Amino acid sequence: MDFLELAEKRRSVRAYREDDVPEEVLAKVLEGARRAPSACNRQPWRFVVVRDEARKRLLGTAYSREWFWKAPVVIAVCVLPAEGWVRPHDGKSYAWVDGAIAMDHLTLAAADMGLGTCWVGAFDPEVAAKVLNLPDGVEIVAMTPLGYPAEEAAPRPRTRRALAESVIRERWN
Ligand SMILES: Cc1cc2nc3c(=O)[nH]c(=O)nc-3n(C[C@H](O)[C@H](O)[C@H](O)COP(=O)(O)O)c2cc1C
């Protein structure tokens, strides 16, 4: 599978089988995330892995879709903004950008291994931080369920803006 095939294969999966994700498979998915680039190589991320049923159910109070918290694994991609690089010109922190890249690597690594993910951003961050017992200074960029896609997760055709609409040559005018 070449990269474009993988990018095409990855899609948001919102139905999972109950089958567990073996530790060694999970380790490879996390390795994919760990390989992500980051500004100044600061790697300000931490990946919180949740397998415990009770904890996952509690995460459901932060994002209530059953497909999310009932998946065999839920991963929260967190960042420590204090560890991230800040652009001196305007003070913009790149920590969330780094977290997003790691999350994207994670979803692609998972797809490469036949696993499903779904980027979840619409969770209640305060509730989720409490459930995960996050220390001060740690922020959740995204969460995802991780598991083997159920049959009903069959792909809907996904649309993307045409390349000509997305690419600007030379000048925005
Ligand atoms: C930053 C971000 C936040 C997202 N948040 C959610 C979410 O909270 N719930 C959800 O079901 N999907 C969420 N998605 C998934 C998008 O809806 C999905 O990626 C998009 O519709 C394209 O579909 P595809 O992932 O199957 O290609 C999110 C995606 C991104 C990139």
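How many bridges join strand 2 to strand 4, and in which direction do the two run? In this predicted model, local features need pLDDT of at least 70 and side-chain atom pairs count only at pLDDT 80 or more, while totals for chains, interfaces and linings use all residues. Residues are numbered from 1 along each chain as its sequence is written.

Strand 2 (residues 73-79) and strand 4 (residues 139-147) are joined by 7 bridges and run antiparallel, with V73 standing opposite L146 in strand 4; strands here are DSSP runs (E, at least two residues), as helices are (H or I, at least four), numbered from the N terminus. The open sheet comprises 4 strands in the order 1-2-4-3 with antiparallel pairing, pairing being assigned where DSSP finds at least two bridges between two strands. Strand 1 (45-50) and strand 3 (116-117) stand at the edges with a single partner strand each, so one side of each is left without a neighbour in the sheet. Helix 5 packs on this sheet, touching strands 1, 2, 3 and 4, and its direction makes about 155 degrees with that of strand 2 (angles run from 0 to 180 degrees between N-to-C directions, with axes fitted to C-alpha atoms, for helices over the stretch in contact).

Helix 5 (residues 95-112) also packs with helix 2 (residues 23-34), at an angle of about 145 degrees and with the axes 7 Å apart. The contact (C-beta atoms, placed from the backbone, within 7 Å) is made by K28, V29, G32 and A33 of helix 2 and by A102, H105, L106, L108, A109 and A110 of helix 5.

Notes. Contact = placed C-beta atoms within 7 Å.
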